[in-house]
Amino acid sequence: MAAAAAVESVVVVHNVAKRHNVGTLARSATAFGVAEVVVVGRRDVSAFGSHGATSHLRFRHFASLALARAYLKDERGCDICGVEITHDALPVTAHPFRRSTAFLFGNEGTGLSQKECEICDFFVYIPQYGVGTASLNVTVAASIVLHHFGVWAGFPERGREGNKFVVADKPKGQSRGLYCTDSIEEVIEERKMRRENACDIFEENGSSEYQESNVLGTMLSD
């Protein structure tokens, strides 16, 4: 087991087909101690279903998987773990983690794409014991994986009051919007990368339109 507070978990959101799943994913992320949510590509996702959990999370946006990978590897020192049933995937129950880890979850219908797999350092899958389904909903899978990482990392359990866990006060300065932490330099670099890799980014995002706001677009329509 890793020392408490020595490692962190990050959730990477990219190519999620059902935008409302992001809100439920955020709820699980804050429940299991995720440090940051990295949104890649499109900004127009929704916080529906988050029940206010988005106020307790940090969000950061990148235009492409390449930029997100550079940030996760070079600045955060994370391993990138793909949650997918690949031939070399390890069971999450074995806790095959070594350090801070960013988790990339597959699209609800098609799973992880080839480009997503290419940025991953390793893969985990969730063992199943019943015969009735081939895979799990992305938010259910995320909850299971993030919980296992929290157990391995030794995150301290949140206090309880009655039949609920104690919720922290809403951070000051947080309103209805989810804010990226992009610096001016990162915005400039993002624009440069978009110009140099217009075709790749168009393929990843499904749109070449650039939104200049630091707010994650229309993310918070609860």
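## A walk through the sheet and its charged pairs

Let's start with the cysteines: searching the whole structure turns up 0 disulfides. Keep in mind that this is a predicted model. A disulfide is a covalent bond between the sulfur atoms of two cysteines.

Seven strands make up an open sheet, and if you trace across it you meet them in the order 3-2-1-6-4-7-5, paired in parallel. At the edges are strand 3 (58-62) and strand 5 (90-91), each of which has a pairing on one side only. Helix 2, covering residues 65-75, packs on this sheet and touches strand 1 (9-13), strand 2, strand 3, strand 4 (79-83) and strand 6 (101-105). The direction of helix 2 makes about 155 degrees with that of strand 2.

You can pick out V39 to see both pairings: V13 stands opposite V39, while over in strand 3 the bridge partner of V39 is H61.

How are the two faces of strand 2 covered? On one side E36, V38 and V40 are buried, and on the other V37 and V39 are buried too. That puts 5 of the 5 residues of strand 2 under cover.

A polar atom of the H61 side chain comes within reach of the backbone: the oxygen of G41 lies 2.6 Å from it.

Next come the charges. Side chains of opposite charge can pair when their charged atoms come close. The structure has 8 salt bridges. One of them brings together the side chains of E36 and R58, at 3.9 Å from N to O. This pair links distant parts of the chain, since E36 is in strand 2 and R58 in strand 3, 22 residues apart. E36 is buried, with a relative accessible area of 1%, whereas R58 counts as partly exposed at 41%.

E36 also meets R60 in a salt bridge, at 3.3 Å from N to O. E36 lies in strand 2 and R60 in strand 3, so this pair ties together parts 24 residues apart in sequence. Here both partners, E36 and R60, are buried.

Elsewhere, D121 forms a salt bridge with K73, where the closest N and O atoms are 2.8 Å apart. D121 sits in the loop between helix 3 (114-118) and strand 7 (122-125) and K73 belongs to helix 2, so the pair ties together parts 48 residues apart in sequence. D121 is partly exposed at 37% relative accessible area, and K73 is partly exposed at 24%. Finally, salt bridges with shared partners join E8, E36, R58, R60 and R76 into one network.

Methods. Residues numbered from 1 in each chain as written. Predicted model: local features only at pLDDT ≥ 70, side-chain atom pairs only at ≥ 80, totals over all residues. Heavy atoms only, no water. Pairing = 2+ DSSP bridges. Helix = DSSP H or I, 4+ residues; strand = E, 2+ residues; numbered from the N terminus. Contact = heavy atoms within 4.5 Å. Axes fitted to C-alpha atoms, helices over the stretch in contact; angles between N-to-C directions. Polar contact = N/O pair within 3.5 Å; in protein donor to acceptor, adjacent residues only side chain to side chain. Buried < 20%, exposed > 50% of the residue type's maximum accessible area, 1.4 Å probe, protein only. Disulfide = S-S within 2.5 Å. Salt bridge = Lys/Arg side-chain N within 4 Å of Asp/Glu carboxyl O.
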